[in-house]
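These are my notebook entries on a single structure. I set down what I looked up, entry by entry.

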Amino acid sequence: MVSRRIFIKSGCAACLGLSGASLLNACATRLPMVKLSPDAGRVLTVPETSFVEGVEMLVVRTNTLENDILLRKVGERYLALYLHCTHEGVGLTPTAERIYCHAHGSVFDLEGQVVKEPAFEPLKTFKTEFNNHQILIYLT
Ligand code: FES
C-alpha cells in the first residue's frame with residue numbers, strides 16, 4: 001500500500017514531467033461544475049443547492065457563451081466572472097486561489113483583477129440576483 005506522503009510526492013513529480021498548459025490543467029484544483037440546459041437563454045438560473053456545504057465557488061457552463069463563468073459566493077452576494085481572457089479572448093482556468101490564462105500567462109485574482117500581465121483589463125462580471133432559492137446571472 002502506498003502511503004499518503006509517497007502518493008503526494010509521486011503525484012507532484014508526475015506534474016513536473018508535464019509542461020505549460022498541461023501542467024496547469026493537471027495541477028489545477030478541480031472546481032464543481034454546473035452545466036445548464038442548451039436553452040438557458042440570457043438569464044442563467046443556478047439552484048442555491050449547487051453550493052453545498054464547503055463549496056464557495058463553482059464553474060457554470062452554458063452553450064450561450066463561448067467560455068464558462070466562475071460563480072463565487074462572497075458573504076451574502078454572488079460574483080459571476082466571465083472566464084474569458086481580456087488579453088486575446090482565450091478561455092481561462094480557475095483554481096481555488098487564482099484564475100490562469102494558458103495562452104500568454106496572464107493571472108487574475110478571484111475578484112477578476114489582473115495579477116499578472118499581459119492582460120491589463122479586469123475580467124467581465126455579470127449582474128447576479130438571488131431570488132427564490134436561485135441565483136440568476138444576467139448575461140446582458
Ligand atoms: S489571451 Fe490570455 S494572456 Fe493572452
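This is a predicted model: local features need pLDDT of at least 70, side-chain atom pairs count only at pLDDT 80 or more; totals for chains, interfaces and linings use all residues.

Entry on aromatic rings. I looked up the ring pairs next, and the structure holds three of them. I then asked which residues form one aromatic cluster. The members are Phe51, Tyr78 and Phe130.

Entry on Val60. I located Val60 in strand β3, which runs over residues 57-61. Is Val60 buried or exposed? Its relative accessibility is 0%, and because buried means under 20%, Val60 counts as buried. I then looked up its contacts, leaving aside neighbours within four places in sequence. Val60 is in contact with Val34, Leu36, Leu44, Val46, Asp68, Ile69, Leu71 and Ile137. I also looked up the spacing between Val60 and Leu81: the two are 21 residues apart in sequence, and their C-alpha atoms are 9.9 Å apart in space.

Entry on cysteines. I checked the accessibility of Cys85 and recorded 4%, so Cys85 is buried by the under 20% cut-off. For Cys101 I recorded a relative accessible area of 6%, and Cys101 is therefore buried by that cut-off. How many disulfides does the structure hold? I found zero. For reference, a disulfide is a covalent bond between the sulfur atoms of two cysteines.

Definitions and conventions:
Residues are numbered from 1 along each chain as its sequence is written. Side-chain values use heavy atoms; hydrogens and water are left out. A disulfide is a pair of cysteine sulfur atoms within 2.5 Å. Buried means under 20% relative accessible area, exposed over 50%, partly exposed in between (1.4 Å probe, protein chains only). Helices (H or I, at least four residues) and strands (E, at least two) are DSSP runs, numbered from the N terminus. Contact means heavy atoms within 4.5 Å. Rings of Phe, Tyr and Trp (its six-membered ring) pair if their centres lie within 6.5 Å; planes under 30 degrees apart count as stacked, over 60 as edge-to-face and the rest as tilted.
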